[in-house]
Amino acid sequence: MEQSPRLSLSYVAPNQAQKHVTVNESFRRLDALVQAVIRSRTETSEPASPVEGDAYVIPSGASGAAWSAYDEGDLAAFQDGAWARIAPFEGLRVWVADDDELVIYDGAAWGVVSGGGGGSSETAAKFGINTTADATNRLAAKSDAVLFNHDDVTPGSGDCQVKINKAAAGDTGTLLFQTGASGRAEFGLAGDDDFHLKVSADGAAWIEAVVIDKDTGAASFEAAGVSPLSVSLDDTTQPMLALTNYASSAGGGNFTFQKTRGTKASPSAVNAGDTIGGFFCKGYHSSGDFSGNIAFMGMKAHENFTAAANGTSFEVHTTSDGAVSRAVRMIVHEGLVVGAPTGGDKGEGTINAVGVYDDNTILSCYVFDQALDGVVDAAKWDGKVPDRRIIERDPETGEITRDETIIRNHEPMRKFTSRIGTDHDPLTLDGYARHWKERRHLAAMPNEADFDPVNGQLTTGEWIQRLVETAEIQAVLIEELNSRVAALTPPGKP
């Protein structure tokens, strides 16, 4: 063997004359191959004035006195004033000066080292960092962290984006998170072009937690036996959920509740009494846990649903002090039912309640004080009128912004006493008659000119108070009539 098997370095033969020629030839070859640097591997024209030590990889279509005889991929090195041809071998590495890249010969073609061969400087069959890539995971890395940073060298645009591109809508383009090589969470385009986020407890059964429709942007949530959406904020005054609607129409931020019986794959109609949607409330108690659903506000089906019949009702439930179970307090269907009165819903526009209380319903027995005692104690009757306490809170923080007590006097009593002793004294037959004849209304009732049937100036309590006062006045006047009749009746006559 006259040459080394890998670098083809000529051996010095025994008793060889001019050994320096052979040795120098090997040195020149080593100089070209060890830590090899070439100027270019795309230059097709043989340089007219090369510099000693210049080297090139011959590209396709090369021309020149020497280069035209070389094969594509050969290494051409300018040494001792002439071009030397070096045939590449598998594993030979060369630094390319004009491209600032390291290339390697794979036995057939040159490729950048990061490309792993294959004849292309921009592609790689597979690549592993601190691990071995395989046919499925062609890019693999073992690392505590991976950083994708924006390009501040070229420089780039300042952006940084990772693209996952699939072939068709029915394919999958996702990011999969695993524990012990078993899937636990996945998000992306899974089997269609909607955005999916799904989770798994075992890597086999998956729950689609969130699906965002590609056309509308609408998000749907699913969960197995628990609330699919839970928001928890720590000691904040900000709203936990804010809905903003930007539109030229009158619509606002809305919640839409949808309810079916059956399953997602096979839904069926709701039945009367089914809750269509609502809000439940719980509170944390002293035993260290949240309460049950101690308050409710929501919509229920009032009949079995068909395409032509969708009767609904709105209900409010609360829990009494000292109790742990809520009860129905109000139902709105066609009319309003408060509590559990006899007869239930009385129809559209009606109210049926166990009782209605109005703090304008106040006593009017001062009529009898005046009739029996000849005087009304104003302070006593003012004391029987409840003051009003007004408390206002900030809707976001719950802090009290107004705490005011409004002192109220017994205004109907004052109006009554102001007429005593006048031409319109309500406790005299002539004064009472004179009032309704001249003013066309009873003393305690509103007059026609001031009455507004549309805006309803009087509350129910005020109407009741005036009616009771009128009845008491008339009771006094009836007794006055009885007394007069008795005085005119002869003795012994009934």
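## Packing around helix H6

The buried residues of H6 (buried: under 20% relative accessible area with a 1.4 Å probe, protein chains only) pack against helix H2 (366-373), helix H4 (411-417) and helix H5 (429-439). They are Gly461, Gln465, Arg466, Glu469, Thr470, Glu472, Ile473, Val476 and Leu477. An α-helix has 3.6 residues a turn, so residues three or four places apart point the same way. Helices here are DSSP runs of H or I with at least four residues, and strands are runs of E with at least two, numbered from the N terminus.

This is a predicted model, in which local features need pLDDT of at least 70 and side-chain atom pairs count only at pLDDT 80 or more, while totals for chains, interfaces and linings use all residues. Residues are numbered from 1 along each chain as its sequence is written, and side-chain values use heavy atoms, with hydrogens and water left out.

The axes of H2 and H6, lines fitted to C-alpha atoms over the stretch in contact, come within 9 Å and cross at roughly 20°. The two helices are therefore roughly parallel to each other (angles under 35 degrees, on a scale from 0 to 180 degrees between N-to-C directions). Tyr366, Val367, Phe368 and Ala371 of H2 meet Gln465, Glu469, Glu472, Ile473 and Val476 of H6, contact being heavy atoms within 4.5 Å.

In H5 the buried residues are Gly431, Tyr432, Ala433 and His435, and H6 is part of what covers them. Arg440 follows H5 and has a positive phi, near 60°.

## Nonpolar cores

A nonpolar core is a set of buried Ala, Val, Leu, Ile, Met, Phe, Trp, Tyr and Cys residues joined through side-chain atoms within 4.5 Å. The largest has 16 residues, of which Leu33, Ile38, Leu75, Leu92, Val94, Val103 and Trp110 touch the most other members. Strands E2 (55-57), E3 (75-79), E5 (93-96), E6 (101-105) and E7 (110-112) each give it two or more residues.

A second, separate core has eleven residues, including Phe416, Ile473, Val476 and Leu477.

## Lys300

Lys300 lies in strand E20 (residues 295-301). Its relative accessibility is 18%, so Lys300 counts as buried. Beyond its neighbours within four places in sequence, Lys300 contacts Gly273, Asp274, Thr275, Ile276, Gly311, Thr312, Ser313, Glu315 and His317.

Key
Buried < 20%, exposed > 50% of the residue type's maximum accessible area, 1.4 Å probe, protein only. Parallel < 35°, antiparallel > 145°, perpendicular 65-115°, else oblique.
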